[in-house]
Amino acid sequence: MTSTDERVVPMRLQKFLARAGVASRRGSENLMTAGRVTVNGVVVTELGSKVDPLVDEVAVDGKVVNLADGHTYLMLYKPRGYLTTMSDDRGRACVASLVPVRRYPGLFPVGRLDADTTGLLLFTTDGELAAKMLHPSSHVWKHYVALVRGVPTSRELDMLRRGIRLDDGMSAPAEVRILAADDKASTPVIPEGMPYGHTVVGLSIHEGRKHQVKRMLSAVGHEVVRLHRDEFGPLFLSDVQPGQWRHLTDEEVRKLSLSERR
Ligand code: URA
């Protein structure tokens, strides 16, 4: 635990407790001042104290508290053909049918992927975390793998790296590179192998405008044929099959709670 040093400290103890579902912020402060909260075994009553969820062990009345206790966090491997919405009045396939909405009321997707985009979609019941992750100032980086028509030149890649003009304004600079066809990351966009005259591009952005990756690549002359997301902030799409979901690990939840503060 730390309250005064220069190390980057993640969050106030009362916020940690509230996020873990122990009590409201005020209720958590009361628990602290009543001497019922320990950090690494030491009673903490000072309301300004901060904890690092990655390393500190927080307990209330001796019971260890985890950030994931109060909310549900899961990753879905979104397949093609599903809308990122919890219901559709036209009866189209929605991601809601792929996640356990009855077991976890209030579950919703953090951000969206286009219907034809595959990959990592985070779901949670934690509105506070979602709002922070989606806020433009959070700069949550997302990595996409795109199969595009044609072969981008180094000049075109540099245009994306500098930021490119879109119809709703300049994009922020992207990190971009050409991926080899045999790179493991390429597999989801070329399941049947590399079509002639196409290229696989890896691209990271921290904005979340509508169809942004497709529009950025189109702006340099390369239509996106398939798009897949394999990273969202600190999360990597792993240990989950297309159309399936899994709970985030405690470690992943802790990392998320750090990333929303960037
Ligand atoms: N950018 C897009 O164009 N589509 C997505 O689904 C995600 C990012």
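Colleague: Which residues surround the ligand here?

Modeller: Keeping in mind that this is a predicted model, the ligand is surrounded by L113, D114, T117, Y144, H211, Q212, V213, K214 and L227.

Colleague: And by class, how many of the shell residues are nonpolar, polar or charged?

Modeller: The shell around the ligand has four nonpolar residues, together with three polar and two charged ones.

Colleague: Which helix gives the largest share of that shell?

Modeller: That is helix α5, which spans residues 212–219 and supplies three residues, the largest share of the shell around the ligand.

Colleague: What do the oxygen atoms of the ligand find in the backbone of D114, H211 and K214?

Modeller: A polar backbone atom of D114 is 2.7 Å from an oxygen atom of the ligand, while for H211 a backbone N or O atom lies 3.2 Å from an oxygen atom of the ligand. In the case of K214, a polar backbone atom is 3.0 Å from a ligand oxygen. As for cover, the ligand on its own has 240 Å² of accessible area, and the protein covers 95% of that.

Colleague: Which pocket does the ligand take up?

Modeller: The space taken by the ligand is the largest pocket.

Colleague: Let's move to the strands. How many bridges join β10 to β15, and do they run parallel or antiparallel?

Modeller: Strand β10, residues 142–149, is joined to β15 by seven bridges, and the two run antiparallel. Within β15, L227 is the residue that stands opposite A146, and L227 is also one of the residues surrounding the ligand.

Colleague: What about β9 and β15, parallel or antiparallel?

Modeller: Strand β9 (residues 117–124) and strand β15 (residues 224–232) run parallel and are joined by three bridges, with R229 in β15 as the bridge partner of G119.

Colleague: Then what happens between β15 and β16?

Modeller: Strand β16, residues 235–236, pairs with β15 in the antiparallel sense over two bridges, and F236 in β16 has E231 opposite. The hairpin of β15 and β16 has two residues between the strands, and G233 in this hairpin takes a positive phi near 55°.

Conventions: Residues are numbered from 1 along each chain as its sequence is written. This is a predicted model: local features need pLDDT of at least 70, side-chain atom pairs count only at pLDDT 80 or more; totals for chains, interfaces and linings use all residues. Side-chain values use heavy atoms; hydrogens and water are left out. A residue is near a molecule or strand if one of its heavy atoms lies within 4 Å of it. A polar contact is a pair of N or O atoms within 3.5 Å; within protein, one must be able to donate a hydrogen and the other to accept it, and residues adjacent in sequence count only if both atoms are side-chain atoms. Accessible areas come from the Shrake-Rupley method with a 1.4 Å probe; for residues, only the protein chains shown count as cover. On a 1 Å grid over the protein atoms alone, a cavity is a set of points where a 1.4 Å probe fits but cannot get out, and a pocket is an open set with protein on both sides within 12 Å along at least five of seven lines; lining residues have an atom within 4 Å of a point. A molecule sits in a cavity or pocket if more than half of its atoms lie within 2 Å of its grid points. Helices (H or I, at least four residues) and strands (E, at least two) are DSSP runs, numbered from the N terminus. Ala, Val, Leu, Ile, Met, Phe, Trp, Tyr, Cys and Pro count as nonpolar, Asp, Glu, Lys and Arg as charged, and the others, Gly among them, as polar. Two strands pair if DSSP finds at least two bridges between them.
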